[in-house]
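Here are a few exercises to work through with the model open beside you. Try each task before reading its solution.

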Amino acid sequence: MCTTCGCQGGGRIEGDGHQHGHGGARLRRVSIERGLLEKNDAFARANREAFARQGIFALNLVSSPGSGKTSLLTATIALLKNRVPIAVVEGDQQTTLDAERIRAAGAPAIQINTGQGCHLDAHSVGHAVERLAPLPDSLLLIENVGNLVCPAAFDLGEAHKVVILSVTEGEDKPLKYPDMFAAADVLLLNKVDLLPHVTFDVDRCLLYARRVNPRLHVLRTSATTGEGLDAWTGWILAAARGAKRARGSHGMPALAPG
Amino acid sequence: MHELSLMEGMLEIIEDSARAQGCHRIRTVILEIGKLAGVEVEALRFAFDAVTAGSLAAGAALEIEEPEGQGWCAACGKVSPVTARYDMCPRCPTLPLQITGGAELRVKALDVD
């Protein structure tokens, strides 16, 4: 049962519907000034507060389809699972294949199928995390739907967006999809083991990425050879510790989930 | 397309607002969609008709205002027009501008009766 949104069986309480009609109704303009994303943003705030209460450090991983996100995740889980509890939310339009891969790698995972939807939203992630019930002080990895456009606009309550770009894609993607690179804090340049076989210009790509977002932290990774994964997992642990320090004593878990 | 999600969010806002005002019909919806908001206005128009069917806004007109992008330069402090997020300051070509306008995604106003 959802206490935030009342979406499961909880009847929504409407206004009493009393209307002040006056026979010949007159047209009038009403100022609204409300953001189209405000509902998602409210759920994202609720997620962020719930994560903070439980000491959960959440990352939202975004990329095109085929950038190697899931392989990178399974490699990350293999390196970190003995150091920190990990839980994963998998977003795809169809199938539970990715969640099965993550579970096989040794982390609890829950799949959200968005159907026709092109992005995860904060509401569905909130409920998925309730079902997943990560341990206090977990690392929560949210693998978004493969799409460099729509997920940029939807805050899920994560600490950071991490954008993954593989060297088999175009080096101009940061300019073609600037919103995503502007929204991210970290860029993982992935599949770097393939650089000798492709014409990808790393310097040009990073120049473009930093033009869109000068604060972007860049790491070069390969899930196949393991290159850069120590730096990546090191960044995760350091950022999680930093987030915990910033929360101070308020980072202690409140109640066991469920 | 996330335009459909945005329009579903819009419908909730406009129906709540109209009911709070005691209105029974929404005639016009005025949105503010900045040119840097990353949204296809034509896709919004298409989704608008689909999501408003059978609602208080069924058959309503949709007006979309599209504010131009603008950005502030941290080096010279001046505000310049921006057509893409990676535009540089025309005076200080080393730094991208920080977007200060054109990213709006808002319901601005309604005409109701």
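**Exercise 1: the surroundings of a glutamine**

Setting aside neighbours within four places in sequence, Q111(A) is in contact (heavy atoms within 4.5 Å) with E90(A), G91(A), D92(A), T95(A), T96(A), L97(A), D98(A) and A99(A). Before going on, note that this is a predicted model, where local features need pLDDT of at least 70, side-chain atom pairs count only at pLDDT 80 or more, and totals for chains, interfaces and linings use all residues. Residues are numbered from 1 along each chain as its sequence is written, chains are lettered from A and ligands numbered from 1 in the order in which they are written, and side-chain values use heavy atoms, with hydrogens and water left out.

Task: in which strand does Q111(A) lie, and does Q111(A) count as buried or exposed?

Solution.
- Step one: find the element. Q111(A) belongs to strand β4 of chain A, residues 109–113; helices (H or I, at least four residues) and strands (E, at least two) are DSSP runs, numbered from the N terminus.
- Step two: check the accessibility. Q111(A) has 15% relative accessibility, so it is buried; buried means under 20% relative accessible area, exposed over 50% and partly exposed in between, with a 1.4 Å probe and protein chains only.
- Step three: look at one partner. E90(A) is 21 residues from Q111(A) in sequence, yet their C-alpha atoms are 4.6 Å apart.

**Exercise 2: two partners for one helix**

Task: describe how α2(A) packs against α3(A) and against α8(A).

Solution.
- Step one: recall what to report. Two packed helices are described by the angle between their axes and the distance between the axes.
- Step two: take α3(A). Helix α2 (residues 69–80) and helix α3 (residues 97–104) of chain A have axes 9 Å apart, at an angle of about 20 degrees. So α2(A) runs roughly parallel to α3(A). Axes are lines fitted to C-alpha atoms, for helices over the stretch in contact, and angles run from 0 to 180 degrees between N-to-C directions. Angles under 35 degrees count as roughly parallel, over 145 as roughly antiparallel, 65 to 115 as roughly perpendicular and the rest as oblique.
- Step three: list who meets whom. From α2(A) come T70(A), S71(A), L73(A), T74(A) and I77(A), and from α3(A) come D98(A), R101(A) and I102(A). By class, this contact has three nonpolar, three polar and two charged residues; Ala, Val, Leu, Ile, Met, Phe, Trp, Tyr, Cys and Pro count as nonpolar, Asp, Glu, Lys and Arg as charged, and the others, Gly among them, as polar.
- Step four: turn to α8(A). Helix α8 spans residues 229–247, and its axis is 10 Å from that of α2(A), at about 70 degrees. The two helices are therefore roughly perpendicular.
- Step five: list this second contact. L72(A), A75(A), T76(A), L79(A) and L80(A) of α2(A) meet L229(A), W232(A), T233(A), I236(A) and L237(A) of α8(A). Here the tally is eight nonpolar, two polar and no charged residues.
- Step six: zoom in on I236(A). This residue of α8 is buried, at 1% relative accessible area. Leaving aside neighbours within four places in sequence, I236(A) touches F57(A), L59(A), T76(A), L80(A) and L139(A).

**Exercise 3: a helix pair in chain B**

Task: how are α1(B) and α2(B) oriented relative to each other?

Solution.
- Step one: get the geometry. The axes of helix α1 (residues 2–20) and helix α2 (residues 41–52) of chain B come within 9 Å and cross at roughly 50 degrees.
- Step two: classify. The pair is therefore oblique.
- Step three: inspect the contact. Among the residues involved are L4(B), M7(B) and L11(B) of α1(B), with L44(B), F48(B) and V51(B) of α2(B). The whole contact has ten nonpolar, one polar and two charged residues.

**Exercise 4: cysteines**

Task: how many disulfides does the whole structure hold, and how far is the sulfur of C89(B) from the closest cysteine sulfur?

Solution.
- Step one: count. The search over all chains finds zero disulfides (pairs of cysteine sulfur atoms within 2.5 Å).
- Step two: check C89(B). Its sulfur is 3.6 Å from the closest cysteine sulfur, in C73(B), which is too far for a bond.
- Step three: check burial. C89(B) is buried at 2% relative accessibility, and C205(A) is buried at 0%.
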